[in-house]
Amino acid sequence: MNRDAKIYVAGHRGLVGSALVRRLRVLDHGNLLLRNHQDLDLTDQAQVREFFSQQRPEYVFLAAAKVGGILANSTYPAEFIYQNLLIQTNVIHEAYRTGVRRLLFLGSSCIYPKHAPQPMKEECLLTGPLEPTNRAYAVAKIAGIEMCWSHNRQHGTHFLAAMPTNLYGPGDHYDPHDSHVIPALIRKMHEAKLSGAEQVVVWGTGTPRREFLFSDDAANACVFLMNLSNEKMDAILANGRSLPIVNIGCGEDATVRELAELIAEVVGFRGELVFDATKPDGTPRKLLDINHLTRLGWKHSTVLREGLIRTYQDFLERQTLTAGVGSVSTSAS
């Protein structure tokens, strides 16, 4: 990507989108197209068509999505599948229609079967049943992959789908009902520390294993993929013959119990962690096979402890925006 190229980051205020903007600005990309929801509703086909027709971006990072933890996914499946299908359908189609050079669609590791062989290779897609608690979200993301692949096959586009593992970092969502496991635990343990609570309850048994990647590392990987040479990009897409997926992760995982203990240490909560086995665990293990990405030459740089410290610092800076105590779902998604 040339430094003066028009780059549209859809979802630039989200966890990954904000990290993408930070990375692109470090690399001196000064022609970023950024729109708030109030200025551009990505679920509105007419608005998206007008935006692409007028702005004509050359590159698109599709990081906009409705996301949430296991409680939100279980409670609002209709919203998750409806909104995500609309967003990605509108953006991908208009990217094709206006001749976008490359598009990177951000998916999720939840696209893979619940009991997929570990670590999960890209070829595991559609080889078994999905995890029921986030099936609606996963199906929407799978549809986005298929849409990218279909355009590549029929129209010769260069649309790539990146499947990141569980992400966390600055700009995360600390809502007491909808957040993912790391921001939920950070908030819950911080509030327990301030109130002097003796216990923090964590959803599930604590035995599921999860892989976590710092959001800035994920953004670096996305920009790395977008900047691949034509030869390497063509090798991935194979003129539409290959599934256009690349996993993004760190290649290491930990149990939810180990994660909770590490967050307690970072936050400074000295009480007891109680695991509520009556709550769902979700998928037993989610570790991505990242050999494809590492062979291309990329590797993460942020270890989990360092990333958690930086995320907690971000949380402290946002306390006034997340004031108030509520019940928090802390099961892994």
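The following paragraphs describe a predicted model of a protein chain, from its overall form to single residues. Because the model is predicted, local features need pLDDT of at least 70 and side-chain atom pairs count only at pLDDT 80 or more, while totals for chains, interfaces and linings use all residues. Residues are numbered from 1 along each chain as its sequence is written, and side-chain values use heavy atoms, with hydrogens and water left out.

The protein chain contains 11 helices and 13 strands. Helices (H or I, at least four residues) and strands (E, at least two) are DSSP runs, numbered from the N terminus. The C-alpha atoms fill a box of roughly 60 × 40 × 35 Å, taken along the principal axes. For 333 residues, a compact globule would have a radius of gyration near 20 Å, and the 19 Å of this protein chain agrees with that. The radius of gyration is taken over C-alpha atoms, and the globule rule is 2.2 Å times the number of residues to the power 0.38.

Of the 333 residues, 56% are buried. Here, buried means under 20% relative accessible area, exposed means over 50%, and partly exposed lies in between (1.4 Å probe, protein chains only). The accessible surface comes to about 14200 Å², and 49% of it belongs to carbon and sulfur atoms. Such areas come from the Shrake-Rupley method with a 1.4 Å probe; for residues, only the protein chains shown count as cover. The protein chain carries 35 positive and 35 negative side chains, and the centres of the two sets lie 3 Å apart. Lys and Arg count as positive and Asp and Glu as negative, whereas His and the chain ends are not counted; the place of a charge is NZ of Lys, CZ of Arg, CG of Asp or CD of Glu.

A contact means heavy atoms within 4.5 Å. Among contacts between residues at least 6 apart in sequence, 83% join residues at least 24 apart.

Residues up to four places away in sequence aside, Leu160 touches Leu103, Leu104, Phe105, Leu225, Met233, Ile236, Leu237, Pro244, Ile245 and Val246. Separation in sequence can also go with separation in space: Leu160 and Glu198 are 38 residues apart in sequence and 48 Å apart from C-alpha to C-alpha.

Helix H9 (residues 256–267) may be examined next. With 12 residues, helix H9 reaches 16 Å from its first C-alpha to its last, close to the 16 Å expected at 1.5 Å a residue. The expected span is 1.5 Å times one less than the number of residues. Among the residues of H9 that are buried are Val256, Leu259, Ala260 and Leu262. The buried residues of H9 pack against several elements, including helix H6 (181–195), strand S7 (199–203), strand S12 (272–276) and helix H11 (304–317). Just after H9, Gly268 takes a positive phi of about 95 degrees.

Leu304 lies in helix H11 and is partly exposed, since its relative accessible area is 23%. Apart from neighbours within four places in sequence, Leu304 is in contact with Tyr168, Phe212, Leu259 and Leu262. Leu304 and Glu252 are 52 residues apart in sequence, yet 9.7 Å apart in space, C-alpha to C-alpha.

Most residues other than glycine have a negative phi, and most peptide bonds are trans. Asp28, which is not a glycine, has a positive phi of about 65 degrees. Asp28 lies in the loop between helix H1 (15–26) and strand S2 (32–33) and counts as partly exposed at 47% relative accessibility. Arg56 also has a positive phi, near 50 degrees, and is found in the loop between helix H2 (45–55) and strand S3 (59–62). At 43% relative accessibility, Arg56 counts as partly exposed. A cis peptide bond, with omega of about -10 degrees, joins Gln118 and Pro119. Pro119 is found in the loop between strand S4 (102–106) and helix H5 (135–155).

Thr98 is found in the loop between helix H4 (77–97) and S4, and it is buried, with a relative accessible area of 10%.
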